[in-house]
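Hello,

Please open the structure below and keep it on screen while you read. My notes on it follow.

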Amino acid sequence: MAKITMREAISQALMEEMDRDPAVFIMGEEVGVWGGTYAVTKGFYDKYGPDRVKDTPIAENAILGGAIGAAMVGQRPIAELMTINFAFSAMDYIVNQAAKLRYMFGGQFMLPLVIRAVGGGGRQLGATHSQTPDAIFAHFPGLKVVSPGTPEDAKGLLKSAIRSNDPILFIEHATMYQVRGEVPEGEYTIPIGKSKVQREGKDLTIVTYCKGLELSMKAAEQLSKEGIEAEIVDLRTLRPLDMEPVLESFKKTNRAIVVEEGWKSYGVGSEIVSRIYEEAFDYVDAPIIRVAQKEVPLPYNRTLEQAALPQVADIVNAAKEVLK
Amino acid sequence: MKKEQLLDLYYQMVLIRRVEERGAELYQAGKIGGFMHLYIGQEAVSTGLIAAREPRDRVITAYRDHGVALNCGISADEVMAELLGKATGMSKGKGGSMHMADVSKNMWGGHAIVGGHLPVAAGFAIGDQYAKNDNITICMFGDGATNIGYFHESLNLAKTWGLRVLWVCENNQYGMGTSVERASAVDEIRQKAEGYGMKNAAVDGMDVMKVYEAAKEAMDYIRKEGQPYLLEINTYRFRGHSMGDPERYRKAEEVKQWQENDPIGIFNKYLLDKKVATRKALDEIEARVEEETNKAVEFAESSPEPTMEDLYTDIYADA
């Protein structure tokens, strides 16, 4: 096992799939000559050239609409949104086009498209560049939404996403590119739509994904020192949602908290809690608690920003509360 | 153009007219749901345009799509079945009036978000450019679509990247009930292409031969130069925007004036004047269309509804 960063994992996945399949190409703002605003595609332009690493105008509708069209006629584009906040400029292409075209035309074509988007707060970028709106996108049937929390999952899931014949929104976190983790040597893929137990424990279940996983692992270490063993289930894919490992864990621990970086109202946590109540009500020993972002647009000021974002201490406190 | 081809164009235009007239009756009878936008009055536009394409060229249009579907070779049976939401429609009854496509005939729909399909059309051309072929994408849209951002992003990208797209603005003078001069900074839509350094032209859309010639010229340029082209085709819809249009925004005299320029009447006269066909031959075509349309209505009405299983199919390609 090699230890690499999230950035390297994503970069490796892209490169391996571009080497494997000539139909795969990348298009987006500053993906080429610049090397990607988060340096994920650094060196790609020199290796693959402008036909396969396409620098686009700053025009999100053209980027996503263009990628959708190219996918419909048989290519396998990877469209990059510099940040997921720009998805709102091109919402039509995610919601009205990518998620619906196949169904609306009775399955006449496939739409093998990956939209890579960087989300998340914590970099003092102000309210419009710091959102974690993942739940919105997970709302729409026809789209798949993947958001990994480790380099191993990022690489394996991205490779699967590129090989998939469906439109997939692949959400990365802006503060996690330097996160290091073990990655298997050589070729591997991880199936989309499978949640995973990332840490075993008997006392409570923490359901989370992406940035929430990083925070929850730290919280679990602290709790362990106090004799509390948390089991962490990482959703990895928000749609289709795999509840099996969540329910299995919950039936063992009977207590759960859900950790997400997005806002609490109408969020991922709301969905998970509902599903647990619907499908495992008899196993509930305590009200399930949601740990999420405060209900404010994220401020620029570092102290205020951190106060709005979920913290390790919030998770520790919620875990103790649910165990009372 | 050979005699057979000319008569085929006439047949297509009359077929569109008749299929839609019957469609309107079925709509009034409550057998067709949702929105339905008729092409009546605009038949020469898509007929002339599609006649100029090679089979490998892709066609994509907006929601006023029944005529385009028929011109692309989709049968009247399938068009009628889709209107009635039947399983035998080309989109299995899941798309309806606004979403008719048969990609095996290079007809890529039928899109209902105004301007939304323009970036997708650019995407087809990106795919073809990547595959290093010289296919052309013909993208049709109304005058209303030229005021939305999608149009400008698409034209800019097409010119910057050298995409083989024929952008076709069907200027039928109104975006729903708002006339061009009330919604667009320039009355002559083709001027908008100038801002992107894109070759462009305007043509009379009531004359199928003029449309055909203009489209041919544009497509020769696109194929040879590897550059996009914008063609403005001036036309008029004789019916309302959709079936539920009170038409408060235009005067009956204006409609009447345009109806005197009926594209089918103009072409009928052309064929007789040029002695391409006798009146008897044209009557025979009309009789053939009548029979085909009757058959299509019968086919659609007797076709099965989609099943409950169909509700859950075609959402994803992978399990």
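**A sheet in chain A**

This is a predicted model. In chain A, five strands form an open sheet with mixed pairing, in the order β9-β11-β10-β13-β14. Which strands stand at the edges? They are β9 (196–199) and β14 (289–293) of chain A. Each has a single partner strand, so one side of each is left without a neighbour in the sheet. On average, neighbouring strands of this sheet are turned by 25 degrees against each other, direction ignored.

Now look at one pair. β9(A) and β11(A) run antiparallel, and three bridges join them. Find A:R199 there: it stands opposite A:I232, which is in β11(A).

**Backbone points to check**

Start with some background. Most peptide bonds are trans, and most residues other than glycine have a negative phi.

Go to A:P240. The peptide bond from A:R239 to A:P240 is cis, and its omega is near -5 degrees. A:P240 lies in the loop between β12 (237–239) and α9 (244–253) of chain A.

Next comes A:R236. This residue is not a glycine, yet its phi is positive, about 60 degrees. You will find A:R236 in the loop between β11 (230–234) and β12 of chain A. Is A:R236 buried or exposed? Its relative accessibility is 7%. The cut-off for buried is under 20%, so A:R236 counts as buried.

Then turn to A:E30. Phi of A:E30 is near 60 degrees, again a positive value in a residue other than glycine. A:E30 sits in the loop between β2 (24–28) and α2 (44–48) of chain A. Its relative accessibility is 32%.

**A surface patch in chain B**

Last, move to chain B. Which residues make the nonpolar surface patch here? They are B:M308, B:L311 and B:Y312, and the patch is about 400 Å². Take B:M308 as your way in. B:M308 is in the segment after α12 (279–302) of chain B. Its relative accessible area is 63%. Exposed means over 50%, so B:M308 counts as exposed.

Best wishes

Conventions
Residues numbered from 1 in each chain as written. Chains lettered and ligands numbered in written order. Predicted model: local features only at pLDDT ≥ 70, side-chain atom pairs only at ≥ 80, totals over all residues. Heavy atoms only, no water. Helix = DSSP H or I, 4+ residues; strand = E, 2+ residues; numbered from the N terminus. Buried < 20%, exposed > 50% of the residue type's maximum accessible area, 1.4 Å probe, protein only. Pairing = 2+ DSSP bridges. Axes fitted to C-alpha atoms, helices over the stretch in contact; angles between N-to-C directions. Patch = residues over 30% accessible without salt bridge, like charges linked within 9 Å, V, L, I, M, F, W, Y side chains within 5 Å. Areas by Shrake-Rupley, 256 points an atom, 1.4 Å probe, with all protein chains shown as cover. Salt bridge = Lys/Arg side-chain N within 4 Å of Asp/Glu carboxyl O.
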